[in-house]
Amino acid sequence: MILLLLLSLLFAYLIAPLVEFLCRPVTWGRRPWTIPRPLAIAMVFLTLFTTMGVVSYLLLPLLGAQVTEFGRQVPSYMAYARDQLQAWQHFFNPDHVPQGVREAIDRTFARTVDAAGTSLSEGFGGLLPLLSYLPWFILIPVVAFFLLKDGAAFRRTILLTLPRGRLRGRGAEVFEDINDALAAYMRAALLACLLVGVLCAIGFVLIGVPYALLFAVIAGLLEFIPLVGPLAVAVGATLVVSFHSINQAVWVLAFLGALRLAQDYVIFPRLVRRGIHMHPLGVILAILSGAELAGMAGIFLAIPAVAVLSVLHRHLLEYRGSGGLVSELLTAAPSAPDLPPRTSDSAETPSADPAADPSALQPRPTVVTQ
C-alpha cells in the first residue's frame, strides 16, 4: 500500500504541470473562463493514455521481434564467450601455473558464463510475475486523480492539526520544500529517461548496433536508477555488440561515454535546477540500502526517500537552532503578526483559529507546484 501511494504521488507530480496549464483562467468575451479541475485532470489522462497506446501500437511489434531474436541468439553468444574465456592459456605459458589453479580458473570461467547465459535466458521470463501488478495500472491513476484534485485540502488538514504559530508555519515550509524537491527530481528523472532512450535509439541505429530498439528501451528504463543503471547498460550493450564487431563495440562505448558526460554535467543539472543535490557516494549508498530494504521498488524510491529525509533533517536543524526543539514546543505560540513571512505559503498557512477564519479552510487551487 505504501508503494502504491508513493507511485501514485510520483505520477501526480509528473502530470501536475499539464493540469495547472489547463486550469489557468482564459479571458473570452471579456469574461474569465476556467476549466474545472476534475475535467482538466481527465483531459490530461485521456491525452497521456492515448499517446502511450499509439506509441505502443507502433513500437511493440518491432520490440517484440528483437526480443525474440535476442533470446534465440543467447546460446550462441554464451558459447562464443566460453571459447574466448577458455583461450586465456594462450596469453602466457600455462606450465608456470599450478594445475590446481588452472582447473579453478577454468571452473570459474565456466560457471560465470553459464550463470550469465541462464540470467539472460530467464531474464525475460522473469518479467511474467510482473503481470500480477497490472491492476496497479488502474489503481495508480485513480489514486493520482484524487491526489491532484484534493491534495491541497489534505495538506491543509494536516497543517490544522499542528499547534498555531511557529510550528504550523514551519510545517507549511516543510511541505513546500518537500514538494519542490520531489517535483524537481521526478520531472527531471522522467525527462532524462525519455531523452536518453531517444538519443540511444538514434545513436545505436547510426552505429549499426543489433537490437538497437531493445537496448534503447533498456537504457531509457535504467536511466531512472542513478549510476547503476547507466553502468549496466554500458557493460551489457558493449559486451553483446562485441560478439558481432569489435569496432562497433568501441563506437558504442565511446558514444555512451560521451552521452553520460553530457547527461550528468549538462542536461540533468539544467533539468533539475533545484531540489535534490546529492554526492555520488550518497547516491550509491542510498541505492544499495533501498535494494536491501525493498528490492527493485527500493532502488526506484531510494533517492526520493533520501530527499524527503534530507529536507526534514534540514528543517529540524533550523528549528532547533532557533532555540531548541523542546524549548520551542514549550513556548507560547506567537500572535499572527509575529509569524515569520513565507513567500509561497504564508498566505495559505492558517496561523489563527480556523473556526474564526472560515477562509482558512478553503482548499488551495493548486496541488503540486515547482
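**Figure 1. The largest nonpolar core of the predicted model.** In this predicted model, the largest nonpolar core holds 26 residues. Phe70, Tyr77, Cys200, Phe204, Phe215 and Val252 are the members with the most contacts inside this core. Helix H2 (37-86), H5, H6, helix H7 (228-242) and helix H8 (246-272) each give two or more residues to the core. H6 supplies the largest share, six residues.

**Figure 2. Surroundings of Tyr77.** Tyr77 is among the residues with the most contacts inside the largest nonpolar core. With neighbours within four places in sequence left aside, Tyr77 is in contact with Phe70, Tyr211, Val240, Phe243 and His244. Of these partners, Phe70 is also listed among the residues with the most contacts inside the core. Tyr211 belongs to the loop between H5 and H6.

**Figure 3. Packing of H5 against H6.** Helix H5 (residues 166-207) and helix H6 (residues 212-222) have axes that come within 8 Å and cross at roughly 155 degrees. H5 is therefore roughly antiparallel to H6, the limit for this class being over 145 degrees. The crossing of the two helices is right-handed. On H5, the contact is made by Cys193, Val196, Gly197, Cys200, Ala201, Phe204 and Val205. On H6, Ala212, Phe215, Ala216, Ala219 and Gly220 take part. By class, the residues of this contact are ten nonpolar, two polar and no charged. Cys200, Phe204 and Phe215, which belong to this contact, are also among the residues with the most contacts inside the largest core.

**Figure 4. Tyr211 in the loop between H5 and H6.** The loop between H5 and H6 contains Tyr211. Tyr211 is not a glycine, yet has a positive phi of about 60 degrees. Its relative accessibility is 10%, so Tyr211 counts as buried, the cut-off being under 20%. Tyr211 is also one of the residues in contact with Tyr77.

**Figure 5. Packing of H6 against H7.** The axes of H6 and H7 are 8 Å apart, and the helices pack at an angle of about 165 degrees. H6 is therefore roughly antiparallel to H7. H6 and H7 form a right-handed crossing. From H6, Phe215, Ile218, Ala219 and Leu222 meet Gly229, Pro230, Ala232, Val233, Ala237 and Val240 in H7. The contact of H6 with H7 contains nine nonpolar residues, one polar residue and no charged residues.

**Figure 6. Packing of H1 against H4.** Helix H1 (residues 2-22) and helix H4 (residues 136-160) have axes 8 Å apart and pack at an angle of about 60 degrees. The two helices are therefore oblique to each other. The crossing of H1 and H4 is right-handed. H1 contributes Leu3, Leu4, Leu5, Leu7, Ser8, Leu9, Phe11, Ala12, Ile15, Ala16 and Val19 to the contact. The residues on the H4 side are Trp136, Leu139, Ile140, Pro141, Val143, Ala144, Leu147 and Leu148. In this contact, 18 residues are nonpolar, one is polar and none is charged.

**Figure 7. Tyr319 and Glu318 in H9.** Tyr319 is found in helix H9 (residues 280-321), and Glu318 lies in this helix too. Tyr319 counts as buried because its relative accessibility is 4%. Glu318, at 36% relative accessibility, counts as partly exposed. The C-alpha atoms of Tyr319 and Leu167 are separated by 8.8 Å, although these residues are 152 apart along the chain. Glu318 and Arg170 are 148 residues apart in sequence, and the distance between them is 9.7 Å, C-alpha to C-alpha.

**Figure 8. The chain as a whole.** The chain has ten helices and two strands. Along the sequence, these elements follow the pattern α-β-β-α-α-α-α-α-α-α-α-α. Of the 370 residues in the chain, 33% are buried. Among contacts between residues at least 6 apart in sequence, 73% join residues at least 24 apart.

Terms used
Residues are numbered from 1 along each chain as its sequence is written. This is a predicted model: local features need pLDDT of at least 70, side-chain atom pairs count only at pLDDT 80 or more; totals for chains, interfaces and linings use all residues. Side-chain values use heavy atoms; hydrogens and water are left out. Axes are lines fitted to C-alpha atoms, for helices over the stretch in contact, and angles run from 0 to 180 degrees between N-to-C directions. Helices (H or I, at least four residues) and strands (E, at least two) are DSSP runs, numbered from the N terminus. Angles under 35 degrees count as roughly parallel, over 145 as roughly antiparallel, 65 to 115 as roughly perpendicular and the rest as oblique. A crossing is left-handed if the near helix is turned anticlockwise from the far one by less than a right angle, and right-handed if clockwise. Contact means heavy atoms within 4.5 Å. Ala, Val, Leu, Ile, Met, Phe, Trp, Tyr, Cys and Pro count as nonpolar, Asp, Glu, Lys and Arg as charged, and the others, Gly among them, as polar. Buried means under 20% relative accessible area, exposed over 50%, partly exposed in between (1.4 Å probe, protein chains only). A nonpolar core is a set of buried Ala, Val, Leu, Ile, Met, Phe, Trp, Tyr and Cys residues joined through side-chain atoms within 4.5 Å.
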